[in-house]
Amino acid sequence: MKSIMETSLKRIVHLLLLAALSILTVNAKVISYPAPKGETLSSDYMVEVDGVSVPVYMAKTQHHDKKYSIAYFDFSGTVTVKIKSKLSLDHLNILPDKYAIHPSVNKDIATFHLNEPCDISFEPDGCNSPLILFCNELETDIPSKNDPNVIYFGPGEHNPENGLIRLGSNQTLYLAGGAVVNAGIEATGDNITICGRGILDGSDWEHNAGPTDYMINAKNCNNLVMRDIIIKGSYYWTIVPQNCDRVLIDRIRLAGSRVGNDDGVDPCNSSNVTIRNCFFRTDDDSVSPKGITRAGGERESKPVENIVVENCVFWVDFANVFRMATESSCPVFRNFTARNVDVIHFPDRDRVQIFWLHPTGEMPMENLCFENIRINGEIPYNLIKLTPALQLVGTRPIEKPTPNDIKVGPGRRGPGSCGYGEFVVVPSYGPYIHNVTFRNITTYGKESDRKAERGAVLIQGIDERYDVSGIIFDNVEYYGTRIDADSPNIQTGDFVKHVQYVK
């Protein structure tokens, strides 16, 4: 009797599993977007999702073996991803670790399942020639190409005049899946949206020589929304809201690291900025809010305040992850939160940190929180630096270059370019850093044999008034060891007050 009951129960469970799988299969849907004709595609990978072929694009980096691949698709339900690689899969790793993707591998093909959108780095050989896979939910609310307020780029390659797209109030720029638009963007006004599944590509221009100062150069915007597009091959700072209020940067993917100074997002003198669900690969800093100073006008400029970074993945090849208030000044820098962030790669350099807070000039910095940050510890890294600086490194406007269509050689020259300006030193009384919390900062991956080389936490004020005060370390660890006041890597200088290590 017991055997019959067990057999019946197994059959029922089997039927239920089949029914569940059938439902998932019926509900699953995959959308792939053909690449434009003539686009150079990757020879390192072939990608299929539920049997649908997905184009794999080439991207360049200054680092490692100088190249990587990117691919994107939309889906719903549960899908099967198959990736064929010409690289050996014997040491395959898929990051970030939080997704716990452990594929089955059969010779040169890796297979795994996805049931929700995510962005992952598929790495047969570490940082050499990885595939970065951007996985989206199905697209909704597609703007109409017949709407007079919509600038619509359909599938295919596009080369706007002078490589420049200008946006004004109440306009929407839409890049359809399968579109590659070779351009930079200038936006000024209210209620501007940049969206779609396509690629904005800056690879035609050499370092600091683009058609506008930054890939997305937004000035004096209120209610600016950027979502879903891929930005590839930036030629300088990538997304730069200047004097903006109410900015949403949602599910933007940066395939950068082609040139130096390609910061991910630099909110300059801007407020109420949200950066979420993004994947950034950059050479330079991932997120670097600033107060841009021109001609000594920092006291009259707008503050940097109310910024949130959440649910993001960052890969930095040369610089820092969070660099706060470098080369800048403004009336105040306050209310910054970063949470639920994965750092999957970080450079093997002494002079960079995961978190570097260094206000200059007379900029007070206060009320910052970094929490639930997970760091891939493939190499030792420096963790935190809190160092206000007395002198302001500012900028002075330079003469606008004469526009032309030359795309090679250093220096901005495009029709939308005014230049960041030459650096100047402005004497000041000094800034301070108050009320900063670091909570649940952890390392994963194999513990490095060289961990003792780095791991520095440096805290240094300027004087009694311009100090560092109110700093909380709550479950902050370096390679599994929680830091405290007695940790060998803690360097506490003068004019540092009220530092708390929560056990």
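This is a predicted model: local features need pLDDT of at least 70, side-chain atom pairs count only at pLDDT 80 or more; totals for chains, interfaces and linings use all residues.
Strands, as named here, are DSSP runs of at least two residues, numbered from the N terminus. Phi of Asp141 is near 55°, which is a positive value in a residue other than glycine. With a relative accessible area of 67%, Asp141 is exposed, the cut-off for that word being over 50%.

A positive phi also turns up at Asn269, where the angle is about 50° although the residue is not a glycine. Asn269 belongs to the loop between β23 (253–255) and β24 (271–276). Is Asn269 buried or exposed? Its relative accessibility is 5%, so Asn269 counts as buried, given that buried means under 20%. Another backbone feature involves a proline: the peptide bond that runs from Leu95 to Pro96 is cis, and its omega is near 0°. Pro96 itself is found in the loop between β7 (93–95) and β8 (104–106).

The aromatic residues come next. How many aromatic pairs does the model hold? The count comes to 24. In one of these pairs, the ring centres of Phe134 and Phe279 are 5.7 Å apart and the planes meet at 65°, so the arrangement is edge-to-face; planes over 60 degrees apart fall under that heading. Phe134 is part of strand β11 (residues 131–137) and Phe279 is part of strand β25 (residues 279–282), so their pairing ties together parts that are 145 residues apart in sequence. Phe134 has 0% relative accessibility and therefore counts as buried. Phe279, also at 0% relative accessibility, counts as buried too.

The pair formed by Tyr214 and Tyr236 has its ring centres 6.2 Å apart and its planes at 15°, so this pair is stacked, a term used for planes under 30 degrees apart. Here too, distant parts of the chain are linked: Tyr214 sits in the loop between β18 (199–201) and β19 (216–227), while Tyr236 sits in the loop between β20 (230–232) and β21 (239–242), and the two residues are 22 residues apart. Tyr214 is at 0% relative accessibility and so counts as buried. Tyr236 is buried as well, its relative accessible area being 11%.

Aromatic residues also gather into a group. One aromatic cluster is formed by Phe280, Phe314, Phe322, Phe336, Phe355, Phe370, Phe438, Phe473 and Tyr501. Charged side chains meet aromatic rings as well. Arg281 lies over the face of Trp315, 3.8 Å from the ring centre. Over the ring of Phe318 sits the charged end of Arg349, at 3.8 Å from the centre of that ring.

The tour ends at a serine. Ser85 lies in strand β6 (residues 79–85), and with a relative accessible area of 5% this residue is buried. What does the side chain of Ser85 reach? At 2.9 Å lies the backbone nitrogen of Leu87. Leaving aside residues up to four places away in sequence, Ser85 touches Asp44, Tyr45, Asp108 and Pro124.

Notes
Residues are numbered from 1 along each chain as its sequence is written. Side-chain values use heavy atoms; hydrogens and water are left out. Rings of Phe, Tyr and Trp (its six-membered ring) pair if their centres lie within 6.5 Å; planes under 30 degrees apart count as stacked, over 60 as edge-to-face and the rest as tilted. Helices (H or I, at least four residues) and strands (E, at least two) are DSSP runs, numbered from the N terminus. Buried means under 20% relative accessible area, exposed over 50%, partly exposed in between (1.4 Å probe, protein chains only). A charge sits over a ring if NZ of Lys or CZ of Arg is within 6 Å of the ring centre and within 35 degrees of the ring normal. A polar contact is a pair of N or O atoms within 3.5 Å; within protein, one must be able to donate a hydrogen and the other to accept it, and residues adjacent in sequence count only if both atoms are side-chain atoms. Contact means heavy atoms within 4.5 Å.
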